[in-house]
Amino acid sequence: MPQLSGKTALVTDAARGVGRLIAVTLAQEGAQVLAHCAAGAADAQATVDEIRAAGGKAQPLSANLREADGVHRLARRVRSVVGARLDILVMGAGCLEAAPDETRAPADFDDSITAHVRAPWLLVQQLLPAMCKGSSVVLLLPHEVSGTAGTLTVLAAHRGALTALVRHFAAECGARGIRVNGLTPGEPAGDVARAVTFLASDAARAITGASLNPESRSASANGFPTGFPLPI
């Protein structure tokens with residue numbers, strides 16, 4: 001039996017790239033998938049069509065998470081579809097290119113925080129009433145940054161804030177049996193999708209509060225850190 005049979009998942013930024021592959025993989029494992037895209041539901045239709053063609057269940061949802069009420073609109077739509085139960089929430093890391101600070105406008109920082117920090121925080125908050133024991137949240141993290149000080153601060157702030165959200169949400173939600181983990185996408189994308197599927201499954205029921213980086217030197221041979229996680 002597929003390991004996610006009977007579960008419902010929301011995947012943001014599911015119209016393309018790793019988000020699309022995650023949505024398809026979750027559906028292959030039996031989950032009903034709500035495929036989100038920012039521009040319009042039609043942009044996620046190819047993802048939905050691929051899932052349905054393989055016999056899975058999916059439907060597109062749209063909301064611009066950069067807009068003031070975008071997260072609220074998406075949360076309302078999700079709850080109207082899933083009712084009182086959402087089992088899996090996967091939020092994409094977004095895309096922000098590294099660049100010297102002197103080339104960035106303040107709006108770049110504001111946009112990054114709005115889209116990639118405020119939106120995950122608010123969406124988890126809005127959807128918690130629909131999540132229950134065994135539910136799983138996976139936040140995709142931007143890659144760790146290194147290099148000359150002052151050239152990557154926006155990206156570093158983005159990653160640092162999301163990593164903090166993972167640990168604090170895990171602590172807050174642990175008593176309810178809701179797991180929250182972070183994952184840095186690596187290559188190939190198929191491995192990322194399988195890692196998300198694992199974290200969303202009951203096989204990862206003892207893992208929460210972890211920020212996993214398959215490419216980290218501190219990772220074990222299978223790509224997951226040793227000496228962690230937090231049991232619940």
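Which strands does helix H4 lie across, and at about what angle does H4 run to E4? H4 lies across strand E1 (8-11), strand E4 (88-91) and E5, and runs at about 170° to E4. Axes here are lines fitted to C-alpha atoms, for helices over the stretch in contact, with angles from 0 to 180 degrees between N-to-C directions.

The structure is a predicted model, in which local features need pLDDT of at least 70, side-chain atom pairs count only at pLDDT 80 or more, and totals for chains, interfaces and linings use all residues. Residues are numbered from 1 along each chain as its sequence is written, and side-chain values use heavy atoms, with hydrogens and water left out. Helices (H or I, at least four residues) and strands (E, at least two) are DSSP runs, numbered from the N terminus.

**The sheet**

Seven strands form an open sheet in the order E3-E2-E1-E4-E5-E6-E7, with parallel pairing. Strand E3 (58-62) and E7 are at the edges with a single partner strand each, so one side of each has no neighbour in the sheet. Two strands count as paired if DSSP finds at least two bridges between them.

E1 and E4 run parallel and are joined by three bridges; Val 11 has Val 90 as its bridge partner in E4. Val 90 also stands opposite Val 138 in E5, and four bridges join E4 to E5, again in parallel. Strand E5 (residues 136-140) is joined in turn to E6 by five bridges, and Val 137 has Val 180 as its partner in E6. Between E6 and strand E7 (residues 211-212) there are two bridges, and these strands run parallel. Gly 182 is partnered with Ser 211 in E7, while Leu 183 stands opposite Leu 212 in E7.

**Burial in the strands**

In a regular strand the side chains alternate between the two faces of the sheet. Ile 88 and Val 90 point one way from E4, Leu 89 and Met 91 point the other way, and all are buried. Buried means under 20% relative accessible area, exposed means over 50%, and partly exposed lies in between (1.4 Å probe, protein chains only).

Strand E6 (residues 179-183) is mostly covered, with five of its five residues buried. Arg 179, Asn 181 and Leu 183 lie on one side of E6, Val 180 and Gly 182 lie on the other, and both faces are covered.

Thr 8 is found in strand E1. Thr 8 has a relative accessible area of 9% and is therefore buried. Leaving aside neighbours within four places in sequence, Thr 8 is in contact (heavy atoms within 4.5 Å) with Gln 32, Val 82, Arg 85, Leu 86, Asp 87 and Ile 88.

**Helix packing**

| Helix pair | Angle | Axes |
|---|---|---|
| H4 (residues 106-127) and H5 (residues 153-173) | about 10° | 10 Å apart |
| H1 (residues 17-28) and H6 (residues 189-200) | roughly 50° | within 9 Å |
| H1 and H2 (residues 45-53) | about 25° | 10 Å apart |

Angles under 35 degrees count as roughly parallel, over 145 as roughly antiparallel, 65 to 115 as roughly perpendicular, and the rest as oblique.

H4 and H5 pack at an angle of about 10°, which means that H4 is roughly parallel to H5. On the H4 side the contact includes Phe 109, His 116 and Trp 121, and on the H5 side it includes His 158, Leu 165 and Phe 169. The residues of this contact divide into eleven nonpolar, three polar and no charged. Ala, Val, Leu, Ile, Met, Phe, Trp, Tyr, Cys and Pro count as nonpolar, Asp, Glu, Lys and Arg as charged, and the others, Gly among them, as polar.

H1 and H6 cross at roughly 50° and are therefore oblique to each other. H1 makes this contact through Val 18, Leu 21, Ile 22, Thr 25 and Leu 26, and among the H6 residues are Ala 189, Gly 190 and Val 196. By class, the contact of H1 with H6 has eight nonpolar, three polar and no charged residues.

H1 packs against H2 at about 25°, so H1 is roughly parallel to H2. Arg 20, Ala 23, Val 24 and Ala 27 of H1 meet Ala 46, Thr 47, Glu 50 and Ile 51 of H2. In the contact of H1 with H2 there are five nonpolar, one polar and two charged residues.
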